[in-house]
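Please read the numbered points with the model in view.

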Amino acid sequence: METGGMETVTYSLYGDSADSHRYYEDTAAFTDEVMNKMSEEDGIDEFSRYIADRNLKPMGAEIYKLELLMIGVLWRIYGNIEYNLDSFGKLIGWMQASGEFEQESQRMTIWYDFLKGKPRREVEHRLSTAMKLAEWFDKRSEETLGRYTLHVNSYIDGNRESLKGKGNQIFCMRQRVEYHLNMVGAEIMNRVFRSAFLETKEKRVFLPICMRLKPNEACRAVPMEQGLVCRGCSNDCQVNTITTMGKEQGYKVLIIPHASTAFGQRHMAEGEVGIIGVACVLNLISGGYKAKELGYEPQCVLLNYAGCIKHWHQTGIVTSLALERLQYLLQFDPAVSQSDHTSTS
């Protein structure tokens with residue numbers, strides 16, 4: 001049984017429960033609602049054909065719907081109210097310059113190129129549709145997922161001045177709706193990429209360094225090419241538990257010092273390596289795209305709460321994940337799944 005007594009910095013999958021089971025149930029149900037809301041969204045089929053005609057890597061209709069929602073959500077926060085191609089281009093330019101939206105801006109650039117060949121009224125209609133969808137999502141996601149992000153606003157208010165001018169300012173000041181977008185985005189990506197992940201020959205689990213029980217100077221993990229490998233110095237460390245499980249069940253476990261170095265830059269042969277990336281909420285969508293870009297077949301498990309010393313906490317909080325969720329993704333056991341979604345692209 002997990003315990004939900006840990007300090008909540010921004011989000012917590014425990015909500016008002018003793019474990020994170022309800023979170024995964026709520027997110028699966030709300031994701032169904034989002035997909036149903038967008039079931040007849042115009043432009044998705046045409047965008048799919050555009051991807052195919054240009055020999056771009058296909059992602060699937062569900063991912064394209066996520067991207068349309070993402071455009072609306074990010075525009076409402078960082079853009080302006082002029083729903084035209086010029087404003088869309090400026091938003092993408094700002095995202096690229098910020099250094100925080102590398103993967104998202106790449107995907108939105110494809111949408112920009114797609115819309116560039118459309119009549120002005122059609123462009124404005126489609127962008128306006130994305131805005132209306134995002135407005136609905138903002139309100140509805142707070143109703144369904146808001147119990148898991150109750151501390152985001154207080155964190156922003158309490159750290160607004162101290163974060164000014166720092167390299168992680170934009171990342172740490174993300175709005176609640178961006179947390180909800182990543183929660184739903186992670187669920188969608190897990191569904192869409194599930195079959196390809198199951199078919200891979202090798203499985204790896206990437207754990208963030210904030211999960212280690214001991215500080216850097218006391219942890220005995222040793223560096224390898226792609227990350228650190230646990231050497232089992234503490235029986236109470238969840239990294240040790242997961243590493244032991246990996247040895248028993250045939251998957252590799254690596255501790256990743258930073259999200260930006262999680263995958264390295266070496267491309268994998270497609271279909272060879274499946275990964276489960278473990279991360280805090282705001283890294284989920286970008287991490288999924290990055291993994292696909294490098295040839296991995298990804299799944300993800302959310303950290304139950306944020307706590308790394310680099311971004312969220314002055315002294316750092318040891319983070320954790322739901323072992324049952326990890327086991328489900330690795331062992332394909334529906335008995336431990338709250339909702340067995342295995343949609344494919």
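1. In this predicted model, strand β5 (residues 273–279) and strand β6 run parallel and are joined by 6 bridges.

2. Strand β6 (residues 297–302) is largely enclosed by the rest of the structure, because 6 of its 6 residues are buried. In a regular strand, side chains alternate between the two faces of the sheet. Both faces of β6 are covered: one side carries the buried residues Glu297, Gln299 and Val301, and the other carries Pro298, Cys300 and Leu302, also buried.

3. Helix α12 also meets helix α9 (residues 176–192): their axes come within 8 Å and cross at roughly 35°. From α9 the contact involves Leu181, Asn182, Gly185, Ala186 and Met189, while α12 contributes Leu284, Ile285, Gly288 and Tyr289. By type, these contact residues comprise 6 nonpolar, 3 polar and no charged.

4. The largest nonpolar core has 102 residues, of which Phe88, Val205, Leu302 and Trp312 touch the most other members. Helix α3 (residues 61–78) gives the most to this core, with 10 residues. Apart from this core lies another, of 10 residues, with Phe206, Met268, Val273 and Ile275 among them.

5. Which residues does Val205 touch, not counting those up to four places away in sequence? The contacts of Val205 are Ile242, Tyr251, Lys252, Val253, Leu254, Ile276, Val278, Leu326 and Leu330.

How values were computed:
Residues numbered from 1 in each chain as written. Predicted model: local features only at pLDDT ≥ 70, side-chain atom pairs only at ≥ 80, totals over all residues. Heavy atoms only, no water. Core = buried A, V, L, I, M, F, W, Y, C linked by side-chain atoms within 4.5 Å. Buried < 20%, exposed > 50% of the residue type's maximum accessible area, 1.4 Å probe, protein only. Helix = DSSP H or I, 4+ residues; strand = E, 2+ residues; numbered from the N terminus. Contact = heavy atoms within 4.5 Å. Pairing = 2+ DSSP bridges. Axes fitted to C-alpha atoms, helices over the stretch in contact; angles between N-to-C directions. Nonpolar A, V, L, I, M, F, W, Y, C, P; charged D, E, K, R; others polar.
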